[in-house]
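The following paragraphs lead the reader through selected features of a structure, moving from one element to the next. Please keep the sequence and the model at hand while reading.

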Amino acid sequence: MTQKLQNYIDGEWVVPETQNYIEVTNPANSEVLGSAPDSTTKDVDSAVQAAKAAFKEWRQTPVLTRVRYLHRLKELCEERFEEISAICVKEAGKTLDEARGEIRRAIESIEFSFSVPSLMAGFKVEDISSSIDETAERQPLGVFAAITPFNFPFMVPLWFLPTAIACGNTYIMKPSPQTPLSMQILFEMLDEIGLPEGVVNLVHGGVESANALMEHPDIVGISFVGSSQVGKIIYTKSTSHGKRVQVQGGAKNYLAVFPDANLDAAVSNILGSAYGCAGQRCLAGSVVVAVGDVYDEFVSKLKDKASNLVVGNGLDNSSQMGSIISEASKTRILGLIEQGVKEGADLILDGREHEIAKVEGGAFLGPSIFTDVKRGSMLSREEIFGPVLSIMRAPDFDTAVEIINESRYGNAASIFTNNGGYAREFKYQVDAGNIGINIGVAAPSASFPFGGKKDSFFGDLHGQGDDSVRFFTDHKIVIERWP
Amino acid sequence: MLVTDYSLNQFGAVLTFAIDLEELVSEYYNSIQSISDKTLTESEVTNRINAASKRKRNLERSRRENVTEITLEPIEGLDAQNYTISGLSYDKEGMVSLHKIASGFYEDAMEKLNVLETKRLFSRHHKEHSRLQKTVEA
């Protein structure tokens with residue numbers, strides 16, 4: 001029996017007003033897992049009213065009490081860890097290890113929110129003028145919302161929600177309709193920890209509910225993670241409605257490999273970077289720039305490893321790479337592979353021909369490698385969001401940096417080298433928000449802001465770290481005198 | 001019998017294999033309790049069951065807590081067939097074989113893991129099984 005999901009509003013599960021439901025399928029085998037409501041503007045408004053009503057009392061709740069709820073949430077996540085991991089595998093198509101890694105990172109975000117009592121602290125100066133004291137206090141702002149993507153269905157919502165409510169705000173979550181089941185479990189746990197009604201709310205849906213969130217006058221801030229194309233629309237629309245916004249967009253991440261790099265380690269790192277989550281990550285390595293004479297040996301080692309990756313259902317312990325999120329996405333990636341071939345790049349490993357282990361059907365695609373990719377080509381410029389790695393040549397350090405900085409994206413870039421001087425210059429000169437040095441996926445941990453530049457980020461304050469506390473609060477300056 | 005239809009080619013698979021192995025050790029000593037083999041006293045057998053349960057819990061915690069980006073890199077050179085436990089007799093010889101195989105698995109696997117906390121855990125388990133083996137042999 002498949003599950004018909006409900007929204008969670010004002011402390012209870014509610015059947016939404018909408019009659020339209022979006023089917024949720026397992027991309028590895030097309031099994032129907034459930035259906036999510038395509039909520040309406042009215043459904044969103046119910047959630048906003050509940051969150052708005054809950055804000056006054058919630059912000060008066062002592063901060064240590066607010067954080068204590070999140071301690072309980074963390075414990076529940078640990079108890080249900082394997083169950084949540086399995087759900088992520090089924091709805092997002094990733095492998096068990098990838099799902100476990102995601103859940104661990106999500107829990108780290110909850111743990112970061114435990115430090116809000118310290119991070120929210122303001123400051124005061126006595127006698128700023130005669131008998132006048134001045135204080136800067138941090139205050140929560142009201143109702144926030146997040147519109148989150150399919151690829152990390154449990155983790156990305158937790159980048160925002162725990163810190164937002166620890167700061168005293170109330171929250172509305174709108175997950176991807178492709179992967180809503182993880183939020184079902186999260187909100188079961190949020191219900192179990194006994195938060196006051198209305199503090200956290202869940203609204204499933206697509207375009208209409210997203211628009212309703214962006215336009216609603218009682219929502220003060222929006223967080224979004226997804227493609228740059230959609231992100232730009234969300235940023236423009238939400239800010240025009242007076243909201244503070246943070247948009248983490250798409251990427252085209254470059255990895256520069258130098259002749260003095262530990263090549264085996266670099267290959268292993270880059271393999272995980274390019275093909276982890278079947279390349280469907282904003283931090284996935286997409287283009288390798290092989291500098292100097294490292295090219296041939298690097299390509300040979302990488303091709304050998306990639307061709308032996310076990311691709312299959314993520315619930316199988318042997319699977320090292322899972323499926324693409326949908327047949328539609330797979331078709332899109334196949335089109336880009338075809339375009340890459342027509343551009344004249346050499347497809348030395350064709351993922352379309354990769355054997356898929358013990359599976360019939362499903363949106364699977366093996367790892368692909370293009371070599372002799374030219375500057376300015378589609379493969380060097382466009383985000384593919386699939387298991388396709390391009391390799392370019394560069395004669396020297398300066399050319400490699402030039403190539404990388406030509407990208408309109410600025411999410412991540414990595415260098416593989418044993419030369420500290422190159423590493424320093426790389427992080428200094430490359431125009432990307434997250435830099436990896438001998439690291440294939442430069443993923444910041446929860447206590448650091450998630451960097452991003454150019455078309456990879458729109459806004460002023462990033463997700464995670466102390467940026468997130470500043471996003472979810474504002475200073476109030478108090479100047480007082482007692483005659 | 002410890003049977004796998006999956007390869008030990010990544011972090012999660014190796015941890016899952018280890019968890020299943022400790023489950024098997026518990027089951028083995030549970031079976032010994034109902035047989036009148038005198039190699040070990042009743043309390044020694046109970047201790048071994050409890051120790052296996054504890055190792056299993058620690059492995060499950062490590063699988064939850066220590067999985068990171070780095071652990072997505074493939075592991076090579078570990079063959080589950082080399083650590084298959086089947087048809088062990090419920091006597092001194094069987095116990096020695098059980099702990100020898102388990103000890104060997106942990107020793108080989110810890111070389112393949114690049115997560116420090118999990119390496120430490122595997123090293124401890126390797127030493128524990130070696131000690132348990134020697135206690136039976138003495």
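A:Val63 lies in helix H2 of chain A. In this predicted model, A:Val63 has a relative accessible area of 24% and is therefore partly exposed.

Together with A:Glu75, A:Asp191 and A:Glu192, A:Glu79 makes up a patch of negative charge on the surface. Two helices of chain A, H2 (63-79) and H7 (181-192), each contribute at least two residues to the negative patch.

A:Glu111 is partly exposed at 30% relative accessibility, whereas A:Lys74 is buried at 14%. Both residues take part in a network of salt bridges that also includes A:Glu78, A:Arg104 and B:Arg64.

A further salt bridge is formed by the side chains of A:Asp455 and A:Arg408, at 2.9 Å from N to O. A:Asp455 is in the loop between strand S23 (453-454) and strand S24 (457-459) of chain A, and A:Arg408 is in the loop between helix H14 (397-405) and strand S20 (409-410) of chain A, so the pair ties together parts that are 47 residues apart in sequence. A:Asp455 counts as buried, with a relative accessibility of 15%, while A:Arg408 is partly exposed at 40%.

Strands of a sheet pair through backbone hydrogen bonds, in either the parallel or the antiparallel sense. Strand S8 (residues 143-147) of chain A pairs with S9(A) in the parallel sense over 5 bridges. Across this pairing, A:Phe144 stands opposite A:Tyr171, and A:Ala146 stands opposite A:Met173. S8(A) is largely enclosed by the rest of the structure, because 5 of its 5 residues are buried. Strand S9 (residues 170-174) of chain A is mostly covered as well, with 5 of its 5 residues buried.

In a regular strand the side chains alternate between the two faces of the sheet. In S8(A), A:Val143, A:Ala145 and A:Ile147 point one way, and A:Phe144 and A:Ala146 point the other. In S9(A), A:Thr170, A:Ile172 and A:Lys174 point one way, with A:Tyr171 and A:Met173 directed the other way.

Chain A also has an open sheet of 3 strands, in the order S1-S5-S4 and with mixed pairing. Strand S1 (3-4) and strand S4 (21-25) are the edge strands, each pairing on one side only. S4(A) and strand S5 (residues 32-37) of chain A pair in the antiparallel sense over 5 bridges, and A:Tyr21 has A:Pro37 in S5(A) as its bridge partner.

How values were computed: Residues are numbered from 1 along each chain as its sequence is written. Chains are lettered from A and ligands numbered from 1 in the order in which they are written. This is a predicted model: local features need pLDDT of at least 70, side-chain atom pairs count only at pLDDT 80 or more; totals for chains, interfaces and linings use all residues. Side-chain values use heavy atoms; hydrogens and water are left out. Patches are made of residues with over 30% relative accessible area and no salt bridge: like charges are joined within 9 Å, nonpolar side chains (Val, Leu, Ile, Met, Phe, Trp, Tyr) within 5 Å. Accessible areas come from the Shrake-Rupley method with a 1.4 Å probe; for residues, only the protein chains shown count as cover. A salt bridge is a side-chain nitrogen of Lys or Arg within 4 Å of a carboxyl oxygen of Asp or Glu. Lys and Arg count as positive and Asp and Glu as negative; His and the chain ends are not counted. The place of a charge is taken as NZ of Lys, CZ of Arg, CG of Asp or CD of Glu. Helices (H or I, at least four residues) and strands (E, at least two) are DSSP runs, numbered from the N terminus. Buried means under 20% relative accessible area, exposed over 50%, partly exposed in between (1.4 Å probe, protein chains only). Two strands pair if DSSP finds at least two bridges between them.
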